[in-house]
Amino acid sequence: MSEAYHGMIVFIGISGAAIIMAITGIVVLLLMALFGVRFIIHYHRRRREVLMEKQLMQEVFQRELLQAQLETQNQTLQQIAQELHDNVGQLLTVIVMRLNSLDDKYLHPEPAIEQTVLQTRDLVQTVIMDVRALSKTLDYDTVRRFGLTPSLTLELERIEQIGRIHTDFVMSGGVYSLGEETEIVLLRMAQESINNALKHANAHTITVSTAYKPDSFILTVADDGQGFNIEEANARILEKAGAGLNNLHRRAGLLGGTCVVDSQVGGGTRVQIRLPHNRMI
Amino acid sequence: MIDWLIQLSIIDKIYLSLAFVTTAAILVNWNRLDPNLKILILYPLALFASGYPYASKFKPFFPNDTRVLNQEDDYYNSLIVIQLNLSIPFSVISYAILAIFFYQTFIQKSIQTRVLASIPLFWFLSKVNTYSTGTWEPVNNFSTLFNIVESVFVIYCCFVYFRELLNHDKQYRPEKDRTFWVVVSLLFYFIGNFFITGLLNYAGLTDEDLARNAAYIGYTFSYLFYSVLILVCFINFPLNNYE
């Protein structure tokens with residue numbers, strides 16, 4: 001074997017090996033990169049899906065929780081309403097009857113006594129009416145049977161009857177059903193807002209308005225009371241902060257809507273709940 | 001003492017150089033590497049340690065190779081590294097190193113236990129393979145079955161790692177994790193080895209050129225593995241892999 005021939009074989013051998021190795025290297029490197037990138041894409045997609053699934057599960061859980069809370073609250077309130085109507089209402093009626101019989105028994109009592117009996121009877125009559133009105137607003141059957149607007153009107157009438165605060169109800173747009181559950185939640189939210197105004201605002205007028213727009217429904221509860229500083233209220237530590245505002249935001253969120261509380265010290269408070277139309281729990 | 005190094009083929013020399021650079025890269029970046037990656041320094045070190053005694057058994061790559069070894073001839077030499085990789089003692093050591101690497105990489109305790117338990121199991125299999133020489137494979141063949149088993153074990157570990165990643169609860173960025181890229185390279189290295197080792201005995205008997213080419217391809221997988229190790233040691237990932 002000549003030197004040159006041997007050298008050529010060695011050269012061909014090495015270059016052949018180098019070509020094989022280079023091609024393999026490039027192909028494997030590309031496959032590795034492809035695999036790595038594909039896995040990363042798949043990984044991130046899966047993470048997004050898992051996160052969305054988790055979020056959805058949390059949302060469903062929150063809704064179920066809200067529904068359970070709502071059912072418990074409604075049942076309790078209905079029970080109270082029934083008790084007020086059947087028990088307290090009946091007892092008050094009995095008191096009126098007793099007063100009537102007292103009036104009949106003593107035909108000519110002293111004028112002062114007669115006056116007292118009459119006043120007491122009127123007071124009890126008022127209490128009976130208040131109790132009945134209260135029992136109606138507490139009972140979610142009213143919302144079921146008559147809808148949100150009549151229930152709100154009833155609630156405002158009841159507050160008006162107390163005589164301390166003037167109420168207004170403004171409605172715009174063609175009324176449509178928001179769904180039984182949604183309307184019950186909205187009524188409770190309105191009651192919560194009105195209750196806040198009664199307790200803290202020292203207001204003269206409470207205005208409730210409903211706007212039935214084609215794409216959204218807006219419920220607004222506004223008062224002309226002393227208002228409050230929202231930033232301060234938000235900054236309060238959890239123990240001191242009331243659950244009312246948080247509840248409003250949470251419930252609006254679970255209905256798929258938003259709740260905006262706008263207030264200024266001395267400028268009253270305005271709670272606006274906006275729901276997209278056709279969104280129901 | 002270093003005569004055997006000089007006698008090596010250029011392919012083996014590149015391999016050993018890459019192994020040496022990998023060792024150096026891990027040492028240089030020691031402080032910023034995760035503990036599981038530090039373990040991998042043992043892999044090239046084990047190769048160097050076992051390479052020297054093995055060099056005394058310097059022989060042609062194929063038993064039927066009649067060509068005489070020539071120190072000046074790179075082409076017809078022994079491809080010592082691939083012979084070393086195919087040897088049972090080195091396979092046991094390398095598997096133990098990789099199992100410890102995976103043990104430190106996995107999060108779930110049950111998987112960690114399984115990986116640790118596989119080390120004595122693998123050692124036991126090596127003993128079975130040694131005592132049953134000639135039973136499943138002819139004595140003059142490479143002990144490829146055992147290496148195929150090693151490849152299967154490591155490939156399984158790689159897939160378990162990927163599955164664990166997908167089931168991970170934390171916010172994690174695999175693209176910014178050195179371990180991820182090392183496992184990807186390990187996966188490809190052992191998938192390549194699986195087929196090449198499986199082909200060697202058959203090709204050695206029927207077509208030596210094919211076997212030799214397969215061996216070269218095996219080297220390419222090794223080069224890529226070491227290159228990835230070197231790269232991940234030096235690349236500075238700007239953000240943490242956990243958000």
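Visitor: How many residues of chain A are in contact with chain B?
Guide: Two residues are in contact if their C-beta atoms, placed from the backbone, lie within 7 Å. By that rule chain B brings 22 residues to the meeting, and the count on the chain A side is 18.

Visitor: What pLDDT do local features need here?
Guide: Residues are numbered from 1 along each chain as its sequence is written, while chains are lettered from A and ligands numbered from 1 in the order in which they are written. This is a predicted model, with pLDDT being the predictor's confidence in each residue, from 0 to 100; totals for chains, interfaces and linings use all residues, side-chain atom pairs count only at pLDDT 80 or more, and local features need at least 70.

Visitor: How many strands does chain A have, and how many does chain B have?
Guide: Helices (H or I, at least four residues) and strands (E, at least two) are DSSP runs, numbered from the N terminus. Chain A has 7 helices along with its 5 strands. Chain B has 10 helices, and its strand count is 0.

Visitor: What share of chain B is buried?
Guide: A residue is buried if 20 or more other C-beta atoms, placed from the backbone, lie within 10 Å of its own, exposed if 12 or fewer, and partly exposed in between. In chain A, buried residues are 21% of 281. For the 243 residues of chain B, the share is 37%.

Visitor: Is A:Asn202 buried, exposed or partly exposed?
Guide: A:Asn202 sits in the loop between helix 5 (180-201) and strand 2 (205-212) of chain A. Its phi is near 55°, a positive value in a residue other than glycine. Because 13 other C-beta atoms lie within 10 Å, A:Asn202 is partly exposed.

Visitor: Where does helix 9 of chain B bend?
Guide: This helix runs over residues 178-206 and reaches 41 Å from first C-alpha to last, close to the expected 42 Å (1.5 Å times one less than its number of residues). A bend is the angle between axes fitted to the seven residues ending at a residue and the seven starting there. Here it is about 40°, at B:Leu200.

Visitor: Which helix of chain B has the highest confidence?
Guide: Chain B has a mean pLDDT of 80. Residues 62-76 fall below 50, though this stretch has 21 contacts beyond near neighbours in sequence. Among the helices, helix 1 (residues 3-7) is lowest at a mean of 67, and the highest, at 91, is helix 6.
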